[in-house]
Amino acid sequence: MADLTLTIDGGTVTVPEGSTILDAVRSVGGDLPTLCHGPTLEPANVCRVCMVEVEGAGALVPSCSRVVDEGMVVHTDTDRARHSRTVVMELLASSADLERVDDRFSAWMEDHGADPARFTGATIEGRPAKVHDDLYVRDYARCILCYRCVDACGEQHQNTFAITVAGRGFDAHISTEFDVALPDSACVYCGNCIAVCPTGALEGKIAWDMKEAGTWDIDRQEVTRTVCSYCGVGCNLDIHTQEGAIVDVTSPEDHDVTLGNLCIKGRFGWSFVVSVDE
Amino acid sequence: MFGAGGGTSSYAEIEETDVILMWGSNAREAHPIFFHHVLKGVHNGARLFAIDPRRTATASWADLWLGIDVGSDIALANAVGRHIIEEGLHRTDFIDAATTGFDAYAEAVDRYTLEHAARITGVPASAIAELATAYATAGTAQLCWTLGITEHHNGTENVHALIDLALLTGHVGRWGSGLVPIRGQNNVQGGGDMGALPNKLPGFQDVEDDTIRSRFESAWDAAIPTRSGKHISLMNEAMDEGEIRCLYVLGENPMQSEADGSAMARRLEGLDFMVAQDIFLTRTAELADVVLPAAGWGETEGTVTSSERRVQRSRKAIDPPGSARDDIDILAGLARALGHDWDDRPAKDHWDELRLLSPMHAGMSYDRLEAEGGLQWPCPDEAHPGTPFLHGRLWDRPLTSKRAPFVATEFVPPVDELDHDYPIRLTTGRRLDSYNTGVQSGKYSSPRRIGGSIDLSSTDASNLGVEEGDTVRVISRRGEISAPVRIDPTLRAGLAFMSIHFPDDTDVNQLTIDAWDPKAGTAEFKATAVRVEA
């Protein structure tokens, strides 16, 4: 594949054809805020926190999806681009609970001087979490409708199509078909939606309980890479332990067998190792 | 196949192939992440054929579902082969250069006309022809199977019938074309690799070969029996005849996993002495004289091998509970008690010893397994990248290695015949959220778990006058159980299904037959004749 050369903030960058502006920025050690961009997913293009300015384009463009052209001139740090990203982060953080978004995003908020308190009155915070089983929790007060769970459940990974976005405006929410309860829906409880959720709106039950109780402490956790104990496909698992107890099981998104995905047994079926009658 | 027991292909190949056959495999439920790769292939334009008695979740993704009658796979495969030959779609260049036995194969399949096979299998002749044409004319094709092929009295012959199709069309030994038995347990492949087979030493080396055996004997400083041991079905016979009086069971639950469960219970109860080494007090362990509590998943170090022959590291994350010990530690302790002072060695040292003795694993150091996310055998030295697909040698011209043999097979119906008293064909399988006899999977709470049931077609249920949830008696020539009815739209009239996961409630192996394949020793779990009484 041919290489393309572009200019980013005055510097020359060369990337393979097909790269996005975000890829190009990251290839030279830079970065931009993202939320809806998942490394294993096609860009959903909905959160708008990664906007940059491209010379010759009237509107700002989303860097996570805009593919690089030869000779393109990109500005990531103009007042216009920064202002756009700042306001979008403020709007998102004022309308949903972003407390559990990863640390990198908090750093972006700080870096941009984003102040969510400038916007009040329109929020989904306070919506009760849906805790309906022992496997995972849907804490939709934290949901920013980034579509990552929808895409993972749909054609890009799981192909189960159990969920999508329903409703409009502040009524927009992640819904099963006809809004039926999860056990009556097409959901197969693979938890591949949890794996891609950037905000903690979807979380394993144990992790969510511990976070609610304030006992989840990433600094006291260890991660051990191993292989699932069930069928013979060889899915890699990361066992997260805290003080000698398993608190979560995930799969590495850079592993070519799983791309971070698992089935219900792999993600949730490990409690036999801590079974009391073992 | 053709020597080493493993699938030929990598999962990545199925994403790029033109035609996918899922034969006797409900991978959507039994191997969900493998099926992710299948679905990528489908989205990339591959045609998917599902050959299965049930219209499974896998079949619902297929371009064409061939609803075959249980146990008639050879008739279908032979008709596919015959049709390919008749239409002149076979790869004569490949057959001439790289195979043997084609003429005998062609003669053997000649009587399996489309019409004859349609009568045996219940699959319309046009569907058989469509499958044959699609497979033979595809640029690349992957033929995948699981226990729907192997859990029959003639499972090995079933596999040969499928291999023959790959040889006929040249769909083996090339990127995108291969034969893919998807393994049901996380290390059933690795168990075979390590020589946990009655006739093999590690690396699929023949125990009856004097040269090979002497290499192991000098490395181990011990004599190895010169003859192959017994597979499970021969062991069962030997227990029946009183030849085997003592049994050491590691990580297996034969009380509930073996066909014809009441016969198995009599066998185990009749032993002089039994040791069970397991992570739980299984029904088998309950019968044992000595139980050795073993450490389980997440509690031990080692390796496992997946269905694409990829050896990967498994690691310890937590300490085992109570007095449970690592399997290696238990075996070393046992050896010591028997007068052999084995060193206390970590798993890595045992692996390095294996690398000295098994050429296909020689290049797989722990460091490489770690750095490269696993390696696919054969990997004969540390500079070797591993082998994404097998049998590329069959395309070397001139061929410098052994030719691949066609093996002619004949359709022989399931041993447990249907008749007036036992008119319904019962088959078995897995469900998505559960696993084998439920020892592991029964411990987590799945919102989708539906428990044990006898699944019937709506036609059979209405003929019997039963409804969903009614408890019925299911009776075979060997036993009888009661189970709640579940109406299953994936079943045709005359076909019933039970999962294997709930032996405490619905012990399907009270019904199954222990007729077994003479080569593999696998019992015919998939074909039981039953009647259902309200």
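1. First, some housekeeping. Residues are numbered from 1 along each chain as its sequence is written, while chains are lettered from A and ligands numbered from 1 in the order in which they are written. Because the model is predicted, local features need pLDDT of at least 70 and side-chain atom pairs count only at pLDDT 80 or more, whereas totals for chains, interfaces and linings use all residues.

2. Start with chain A, whose secondary structure comes to seven helices and 12 strands. Helices (H or I, at least four residues) and strands (E, at least two) are DSSP runs, numbered from the N terminus. The C-alpha trace of chain A spans about 65 × 50 × 40 Å along its principal axes.

3. How does the radius of gyration of chain A fit a compact globule? A globule of 278 residues would have a value near 19 Å, and chain A has 20 Å, which agrees. The radius is taken over C-alpha atoms, and the globule rule is 2.2 Å times the number of residues to the power 0.38.

4. Of the 278 residues in chain A, 46% are buried. Buried means that 20 or more other C-beta atoms, placed from the backbone, lie within 10 Å of the residue's own; exposed means 12 or fewer, and partly exposed is in between.

5. Do look at the open sheet of chain A, ordered β10-β11-β12 with antiparallel pairing. Its edge strands, β10 (221-227) and β12 (245-250) of chain A, each pair on one side only. Two strands pair if DSSP finds at least two bridges between them; β10(A) and β11 (residues 236-242) of chain A have seven. Along the way, A:Val227 has A:Asn236 in β11(A) as its bridge partner.

6. Turning to chain B, you will find domain 1 (11-181), domain 2 (188-376) and domain 3 (424-533). These bounds come from an automatic or database domain assignment. The C-alpha centres of domain 1 and domain 2 of chain B lie 33 Å apart.

7. Helix α4 (residues 73-86) of chain B deserves a visit. Its 14 residues should span 20 Å at 1.5 Å a residue, and its end C-alpha atoms are 20 Å apart, which agrees; the expected span is 1.5 Å times one less than the number of residues. Since 13 of the 14 residues of α4(B) are buried, the helix is largely enclosed by the rest of the structure. After α4(B) comes B:Gly88, with a positive phi near 70°.
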